[in-house]
Amino acid sequence: MSRRKPFIQSAAVLLVLALVLAACGSNKDKEPSAADPAQSANTTNTESASTSTAVQGGELTYALATSPDSLDPHRSGLAVAVRVIRTIYDSLVVQLPDNTIKPWLATSWTVSDDGKSYTFKLRQDVKFQDGTPFNAEAVKYSYDRILDPATKAANAVALIAPYESSEIIDDYTIKLNLSTPSRAFLGNLSQALLGIVSPTAAKKYGDQFGLNPVGSGPFKFVKWNQNADIEVERNPDYNWAPETVDNKGTPYLDGITFKIIPEEATRIGSVQSGQVLAAETVPPQNIVALKDDKKIQLLGANTVGLPYTLFFNEERPPWNDAKARQAVQLAVDVDSIVKTLYLGTYERAWSPLSPGTFGYDSSLENGVKPDLEKANALLDELGWVKGADGIREKDGKKLTIHYVDGTPNREKRNDIAVIIQQQLKAVGISVEVEITKDVRTVVNTNGAYDIYGNSQVNSDPNALYAFYHTPAPNGKKTLSRLSDPAIDKLLEQGLVEKDDAKRADIYKQIQHYLIDQAVILPIYVFPYTVAADRSVQGIVFDTLGYPIFNSASIKK
Amino acid sequence: MAGVLARRLFSSVLVIVGSLILVFAILYVLPGDPTDTIVDPSIATPEMVANLRHQLGVDQPFYIQFARYFSHMLRGDFGQSLMNSESVLGKILDSFPATLALTAASSFVAVTVGLVLGVLSAIHRNRPIDLIARVVGLFGISMPTFWSGILLIVLLSLKLGWFPAMGSDGWRTLVLPAIALGLVGAGFIVRMVRSSMLDIIDEHFILTLRSKGLTERAVMYKHALRNALIPAITMIGMLVGEMLAGTVVIETVFSRQGIGRIIADALMAKDLPVVQGVIFFSAFVYVIVNTLVDLSYTFIDPRVRRST
Amino acid sequence: MREAVTASTVWRRGGSRRLFTFRLRRLAAADSFLIGAGIIIAFIIACALVPSLIAPYSPTAMLTDSIMQAPSSAHLFGTDYFGRDIFSVVVYGSRDSLFIGFASVIVGGLAGGAIGAIAGYAGGWVDSLLMRCNDILMTIPGILLALAIAGALGKGLFNIVLAVAVSSIPGYARIMRAQIISIKGRTFIAASRSVGATPFHIFWKHVLPNALSPLLVMAAIGVGTAILTGSGLSFLGLGVLREIPDWGTLLSQGRGYLTVAWWICTFPGLAITLFVLAVNIIGDRMRDRLDPKKNAKG
């Protein structure tokens, strides 16, 4: 009997192993057809814009990837909060996909000749969810509130610049004064973070306004259970939707429950198991797998602004030399990275701007091709010679790139570093990857990086200013640490140029320069993706890629 | 007795204050700044950050922040989250029931599974049941909980649809996380129950009892099991602490509300009032439980009165 | 009646000879567990020492045209989302994983053991002071302590080791102190004191050697616990990212692929599980051998 025991034991071990494997192995048929660029999430964009009459009522459950920080638009610093904030607050204007600006809470506006004051006529039929009437006073209060240090405003402060003050002309006319002209200002006013808050509620709740938000938007805040969910309900009075929305009146849905589900597998699993009706930020591998799912539809929109871009630190030799950077540009196979990691669900970026952003230069597409021979030749020319370990050396120093990235591994950005590390090894460049929690100190303050990647959702190409313009003497350093008078001049012109064609041309010149000089390596355009049950209809996305629920409904 | 209690109380207060100071010190050296989370570093200007830091009071030296925090705390004011001004006490009280429910359910799973497998394993020593029970127990101890949690979600929620994958409303959402967390405890209990039962079975007094003509069953359950329960129950007390720690990971995997998630997030964001609040709370619970345990020993066995 | 319930367990038949054969069998059964555990550990240590002899591919080679391939004869464990051979990555990854496991046990065990020994042997206010400090550490759940320390020190293998080590100190300190106190009270200590041995001599020659065994048992199992804590840190986003990732990082980063390519996280997960399991079996066995009447720890 004792002789049989080892057998029984190993059988038991095998049994457990088999159970574990069976748990994960039973959907082998859903194996992704690796890297098929034709299968893009973005093609499903319009699928849900249904033509049939929408069903009234119903509760939409929508899974968010992280917890919002605050529902006070002026205090929030997280994109995830904007998904909720956008349902509660309206803005003065709305931006269309072609980058034109249209009325929302403002009916019309004029810009002074010097570009430093904007006069808005406001809608007269709007009231906030607490009954407070919307008027010029509310607009002034909201914008002044952002500048008031006591508000502890965050990203909104940067967005509203160069706003200085407001003058109430009459109850429904307001003049906004800027310290300097800015072509980006109107677009920024369309963003949810510059939404108009109810002055009554904001005064009443003070610090706690972010937990008791009141705006004039299509949905009213109901309840926030920390780390669990946020509930909003239909605003029955809503009747002032902008032209980007089909349903101008009160939303079809009774309400939306935003569930906070950080773990990817759980979030996507919850849609598949029907526990929620929609979930945001679908990982590429799941997009591929869900394509064949009869119960699930994929929605999404590419974000605009700056794509995910790797910035060289122009102050650190040897990468302050354009030739050295060009060698890296030729040695990194961005196509392969994007295809491998995102399985064809993300578009590769070619320019410092994302497609769809005003002034985007599509002529840059397919411009840079990997060429290891040329990369090696450039490095040889610079005097970097391969050593015994295959890494190039000059004057006893190894050719290394200190590549910094933040944590957690958002959108697989750490994985990009891992691949680039291998790709650059082939031309004799050693890449040290540093993953840090403290990006602000390492990158922004100390500048201790050769490459750092970042992206920014933005409605205007002036976003480039903060990344490439020589900073003021005591100002904040840019990520590129670029200092080129010609580029500075172009960026300054772009900010004020009134003629759209000329303005677009200015930004094209900037884009070309940045790519030609290999100041950056653009990597991918981030698509905001949503997996939703097929019964969910009418979710659309605004220009910045945020979901809009006014016309959403649930088919019975 | 009053003297013992007073000394106990005094050292408990010391421990709580000490843990607050320790956490304060760790936060002090923790890199980064609360404003990193509040405002996007890529668009924040130095003036913006400076202003925000001033408004939040984090521009002051850390010891002043701590002193201010501490004096408020003594008056029962645990402050507000730096992130959104939410009351820390409210945050903790809102989340604690969910964590308590999870800990209780996991302990239940641990004890039930652990006892059943442990007893079966001891009774059927060295037979297939024993081996399976022990292997299951060992797997419980040896698997990273976030992995077993995700495996449970995929298997029991996605494939079979038996239980919801996430949430913290209703008993059904409790099942999967309780299993994931409970299996760890079960592993320890299986081992403990099995070995103490076997020890007792092997001891001579059982042989003696049997020689007195008691039935097999009576010997097994009345004596062996009862004696084996004592170390197992001691173990449970200890495991509750482990499980509270386990909630940090499990609450994230299953998207449950709870203390574990709050503190992990707050720690990373350097949200001092929230971190201190939760640490105070957990230190308080820890001290209470341990004082009770120690005092009960004192009552049971006067000999230990001096040693602690 | 005795025959009616027959032979389901050996001990029922009683008798010293029976009991003896039974003990032998129990030993044999236990030892087949032990042999299995030994083989697993030996193999994993071999992986860490000479990975190049075991792994068929380079752990960093990315075959980008064959990503996420299911296990096959070419790729025993399949390929991951970079197109790396998972078996090779797991084999090489054992280095960092074992390093985290062993190094943090050595650091934590030595520090905790020292604190416990000093507290237990010195007694009095030293004991009170050290144990209150230990209580302070214990009030903060280990994973949080590790999380905070890893966050404070920044990412890096040594920092992870330190974080895991510190979080394990209170456990070692407690068990060491309890053991020292129980030995201090035994008669042979009093005997050597009466013949004039110095306290240091007594401690070094008599107390410490006798107190070490439970610490060693705990340390053996602690290697597994350390690896689990390390993987928990990876899950919470504070792991290390090195050119060749450790198992915890592999498991944590592969977990999002479970429903589409199960093998990516399953094999690193199994590597962790089997290693921890083996370490536990050996720890248990050590416990049995060193101290058969050992009660619940702590």
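**Figure 1. The annotated region of chain A in the predicted model.** In this predicted model, residues 100-471 of chain A are 27% helix and 26% strand. An unreviewed UniProt entry annotates residues 100-471 of chain A as "domain: Solute-binding protein family".

**Figure 2. The cis peptide bond between A:Ala161 and A:Pro162.** The bond joining A:Ala161 to A:Pro162 is cis, and its omega is about 0°. A:Pro162 belongs to the loop that lies between helix H4 (155-160) and strand E6 (163-170) of chain A.

**Figure 3. The cis peptide bond between A:Pro317 and A:Pro318.** Here two prolines are linked: the peptide bond from A:Pro317 to A:Pro318 is cis, with omega near 0°. On the chain, A:Pro318 is placed in the loop between strand E13 (305-312) and helix H9 (322-331) of chain A.

**Figure 4. A:Lys152, a residue with positive phi.** Although A:Lys152 is not a glycine, its phi is positive, at about 60°. The loop that holds A:Lys152 runs between helix H3 (136-147) and H4 of chain A. A:Lys152 has a relative accessible area of 12%, and buried means under 20%; A:Lys152 is therefore classed as buried.

**Figure 5. A:Lys412, a residue with positive phi.** A:Lys412, a residue other than glycine, has a positive phi near 60°. A:Lys412 is situated in the loop between strand E18 (400-406) and helix H12 (413-425) of chain A. With a relative accessible area of 10%, A:Lys412 is buried.

**Figure 6. Packing of helices H1(B) and H4(B).** In chain B, helix H1 (residues 2-29) packs with helix H4 (residues 62-74) at an angle of about 145°. The axes of the two helices are 11 Å apart, and the crossing of H1(B) past H4(B) is right-handed.

**Figure 7. Residues in the contact of H1(B) with H4(B).** From H1(B), the contact includes B:Val17, B:Leu20, B:Ile21, B:Phe24, B:Leu27 and B:Tyr28. These meet B:Phe62, B:Tyr63, B:Phe66, B:Phe70 and B:Met73 of H4(B). Sorted by class, the contact of H1(B) with H4(B) contains 11 nonpolar residues, with no polar and no charged residues.

Conventions: Residues numbered from 1 in each chain as written. Chains lettered and ligands numbered in written order. Predicted model: local features only at pLDDT ≥ 70, side-chain atom pairs only at ≥ 80, totals over all residues. Heavy atoms only, no water. Axes fitted to C-alpha atoms, helices over the stretch in contact; angles between N-to-C directions. Helix = DSSP H or I, 4+ residues; strand = E, 2+ residues; numbered from the N terminus. Left-handed = near helix turned anticlockwise from the far one by under 90°. Contact = heavy atoms within 4.5 Å. Nonpolar A, V, L, I, M, F, W, Y, C, P; charged D, E, K, R; others polar. Buried < 20%, exposed > 50% of the residue type's maximum accessible area, 1.4 Å probe, protein only. UniProt positions renumbered as here; feature names shortened; annotations may be inferred.
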